[in-house]
Each structure stands twice: as structure tokens, then as C-alpha cells.
Amino acid sequence: MNRRRRALCAAVPAASMLAACGTPPASAPASRVVRGSVAWRERIAVPPEAELIVRVLDVSCADAPAVVLAEQRQRTGGRQPPFAFELAVDAARLDSRMRCTVAARVELAGRLLFISDTAYPVLTQGAGETADLMLVRVPAR
């Protein structure tokens, strides 16, 4: 083998190894899913037309309103707690510096019946992807 041919034979495997190094990593998931349940301690039945609203929120800015990243609405339909939920959050909207929480409320014709009064961290800053929310009753006015 002449010198030029040996150099070419050695260069081909090296080039393919370099090409493999330049291959982008497997793409990140398109969404992250938050799952959990919603319940309340009071043994109070809510009307079938009551609506449960669960949201994943970006609460990073203390002096600004929370940004809704995902929302699920469902009629209670005469069922009683616990209610399961599953919310998909676009992974492109998440940043490790963010502080995300999940919150819930139960409304009847625009009137608030139950609400979460505790922060339930999810998705960011080491928090997981599940949360079991305990709502509190809002006194009637």
C-alpha cells in the first residue's frame, strides 16, 4: 500500500467517529405530565354542574400574576372527591429557574366553593410530577 492510500484508509474511520460526535442527542420530551388528585376534608356534596379547575402555574415572579402553563376543567357530574387530573405542560415553556405549582378550585356558576390554599410545587427546582391537592371550603357570602 502506498502512503496516500494508507492515509485515506485511516481518515475514513476517524471521519465517521467525528460525525457520530456531532450527532445531536435524542430530542427532549415535547411535554411533561403532571398527575394527581383533588379532594377536600368536608363531607359536602357539590352539585353536578359544579366545575373543577386544575392549573399548572408559573409563580416565579412574586410581584406579578401567575402564568397558566396548563389547565383542565371538568364538571363534577354528581361525583364526589377524590378527582383525578392529568395536565400536559409544553416542555419548551419550562426553565429550571422557574417555580411551578399546581392549584385547583371548584366553582358553581362563577361562585367559588373550594380552593387550594397551599403551594404544591411540581416540575421545577427538584419537584416531582405528582401532587395530591387538599382544597379548603370558601365560606358562603
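Two residues are in contact here when they have heavy atoms within 4.5 Å. Keep that cut-off handy for the exercises below, and remember that the model is predicted.

**Exercise 1. Work out how the protein chain is laid out and what share of its contacts joins residues 24 or more positions apart.**

Solution. 
- Step 1: Start with the elements. The protein chain has one helix and eight strands.
- Step 2: Going from the N terminus, the run reads α-β-β-β-β-β-β-β-β, so the helix leads and the strands follow under the DSSP-based numbering.
- Step 3: Turn to the contacts. Take those with a separation of 6 or more; 65% of them are between residues 24 or more positions apart.
- Step 4: Of the 141 residues, 32% count as buried.

**Exercise 2. Decide whether Ala50 is buried or exposed, and find what it touches.**

Solution. 
- Step 1: Ala50 sits in the loop between strand E1 (31-40) and E2.
- Step 2: Apply the cut-off. Buried means under 20% relative accessible area; Ala50 counts as buried because its relative accessibility is 0%.
- Step 3: List the partners. Setting aside neighbours within four places in sequence, Ala50 contacts Gln74, Arg75, Thr76, Val106, Glu107, Leu108 and Leu113.
- Step 4: Check a distance. Ala50 and Gly78 are 28 residues apart along the chain, with 8.5 Å between their C-alpha atoms.

**Exercise 3. Describe the lining of the largest pocket: which strands each supply at least two residues, and how do the residues divide?**

Solution. 
- Step 1: The volume of the largest pocket is about 160 Å³.
- Step 2: Read off the lining, which is Ile53, Arg55, Leu57, Ala103, Ala104, Arg105, Ile115, Ser116, Thr118 and Ala119.
- Step 3: Assign the strands. Strand E2 (51-58), strand E5 (100-108) and strand E6 (111-116) each give at least two lining residues.
- Step 4: Sort by type. The lining has six nonpolar, two polar and two charged residues.

Note on methods. Residues numbered from 1 in each chain as written. Predicted model: local features only at pLDDT ≥ 70, side-chain atom pairs only at ≥ 80, totals over all residues. Heavy atoms only, no water. 1 Å grid on protein atoms, 1.4 Å probe; cavity = no way out; pocket = protein on both sides within 12 Å on 5 of 7 lines; lining within 4 Å. Points joined across faces, edges and corners; volume = space filled by probe spheres on them. Helix = DSSP H or I, 4+ residues; strand = E, 2+ residues; numbered from the N terminus. Nonpolar A, V, L, I, M, F, W, Y, C, P; charged D, E, K, R; others polar. Buried < 20%, exposed > 50% of the residue type's maximum accessible area, 1.4 Å probe, protein only.
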